[in-house]
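Please examine the fold displayed here together with its sequence. The account that follows is intended to be read alongside both.

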Amino acid sequence: MNRTIRRASVFTLLLVFALLVRATWVQFYEGRALADDSDNRRNAIETYAEPLGNIVVAGEHITGSARTKGSDLAYKRTYTDGPLYAAVTGYASQAYAPTQLEGIYADVLNGTDPRLKTVTDMVTNGRAAPGNVVTTVDPAVQRAAYKALGDKKGAAVAIDPETGRILAAVSTPSYDPASLTDANTAGEAWTRLNDDPDKPLTNRALRQPLPPGSTFKLVVAAAALEDGLYDSVDERTDSPDPYPLPGTTRDLGNENPSAPCENASIRVALQYSCNNVFGKMAVDLGQDKVRETAEKFGFNDDEQDVPVRAYPSVYPSDMDRAQTALSGIGQFDVTATPLQIAMVSAAIANDGELVSPHMVSQVTDSGGDVLEDHDEDASTRRIVSSSTAEQLRSAMRTVVDEGTGTNAQLSGATVGGKTGTAQHGENNSKTPYAWFTSYAESDANGKKVAVAVLVEQSDAERSEVSGNGLAAPIARETMRAALQD
């Protein structure tokens, strides 16, 4: 063999070897990445080749699957009362990544979760029958909150304080998840929903923290009682009215200048929502002690899963004394989701203990065997002492019985609450946010519920925006539904 042929042969062999190496690399190292690529059409074809498992509310499927026509995607997702449950289910779309419970449990619902495989599936390497997700949502409570919110922009969360079960999670304005399920029509709906200035795809119940206003005063009061700054909700505080913000020429006054807020007790200060009392109280405690209590309730938690990841509620750091005072009334850089504010009331209602909130009761296989039991696995942690919780419940009852929260009164139930009106925009130039958080216990059956309501925007005149005027009636109707037999 002459030199030229020999060199050509070696070069050819090197090319063949390089191709074999590349093929091996793709097969064994890049294969999984290619298979998992969101642009790989085969994944969607496989996912929608069979009906999906379902999300269940009170024993009824609120999702389903429908046969498609003229598509290589054999099935698409369907929803019963889609807008009502959108903040719970999210959507499973042929065109976009799934969200909320549809996203968290996508592997269970499409049958690819390894826990679903039977012996037969393992032998044949077949796809397992999909599982189901059983929620904690009470349809009557969900519907009551949704109806009460109406055309307002806002959210409501209801929790059973003794079990941590989320009975309702509502965000308005809502949207119909079914509009996003079909790849042929989802694009138009996606553009419309994302261009909507009211942002219906935003889950305001779990994922939009806003200034909580005076509802945060419950956290400051808890910190003061736990620290021993005050021994009782009926002990007079040292609180000038108005309170001069430290290091500034500004005073912290009250919405109602005639309210008896000077040196008011915690009970009276909650009853009349006295800014001067809680601003000075936060400064007297110091931001570190307030933050410690806030974090016990769940603030600054980057991993608050219910099991959907909730957006962190924030109590800030590195504040000066004036900023600390403003944080004491739920302003400055304090933010909270309705879920977080509901957790505050839930812990107070449950004698100072917080059961981890969750909206999924069980995850099951197609035969009903339990893969996950979140009711059984729910953890409990003490937030404040039993004595502090009892005193705060008593003061919250005063708010509803004869204070700023009278619109939450409910016949046949013991109700405690706290209003909040949070400033919005530079120099409070925009319509304030209206908050209400509460707990209730039925006099007839002993059922309990904790609720938080946020009204971000409504048709009410600015002068009529208040926690009692807008949010408390929504909380009342939500509590009424939760306490029924």
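The paragraphs below treat the sheet, a helix pair and the nonpolar cores in turn.

The model is predicted, so local features require pLDDT of at least 70 and side-chain atom pairs count only at pLDDT 80 or more, whereas totals for chains, interfaces and linings use all residues. Residues are numbered from 1 along each chain as its sequence is written, and side-chain values use heavy atoms, with hydrogens and water left out.

The sheet is open and is built of five strands in the order 2-1-5-11-12, with mixed pairing. Strands (E, at least two residues) and helices (H or I, at least four residues) are DSSP runs numbered from the N terminus, and two strands pair if DSSP finds at least two bridges between them. At the edges lie strand 2 (60-61) and strand 12 (370-373), each of which pairs on one side only. Strand 1 (residues 55-57) runs parallel to strand 5 and is joined to it by two bridges; Ile55 has Val133 as its bridge partner in strand 5. Strand 5 (residues 132-135) is also joined by four bridges to strand 11 (residues 360-364), and these two run antiparallel. Here Val133 stands opposite Val363, while Val134 stands opposite Gln362. In a regular strand the side chains alternate between the two faces of the sheet.

Attention now turns to a pair of helices. Helix 3 (residues 82-89) packs against helix 7 (residues 139-149) at an angle of about 110 degrees, and their axes are 10 Å apart. Axes are lines fitted to C-alpha atoms, for helices over the stretch in contact, and angles run from 0 to 180 degrees between N-to-C directions. The two helices are therefore roughly perpendicular, a term that covers angles of 65 to 115 degrees. Pro83, Leu84, Tyr85 and Val88 in helix 3 meet Pro139, Gln142, Arg143 and Tyr146 in helix 7, where contact means heavy atoms within 4.5 Å.

A nonpolar core is a set of buried Ala, Val, Leu, Ile, Met, Phe, Trp, Tyr and Cys residues joined through side-chain atoms within 4.5 Å; buried means under 20% relative accessible area (1.4 Å probe, protein chains only). In the largest core, of 89 residues, Leu101, Phe216, Phe278, Met281, Leu339 and Met359 touch the most other members. Helix 15 (residues 338-349) supplies the largest share of this core, nine residues. A second, separate core has 31 residues, among them Phe436, Ala440, Ala471 and Ala481.

Methods. Parallel < 35°, antiparallel > 145°, perpendicular 65-115°, else oblique. Buried < 20%, exposed > 50% of the residue type's maximum accessible area, 1.4 Å probe, protein only.
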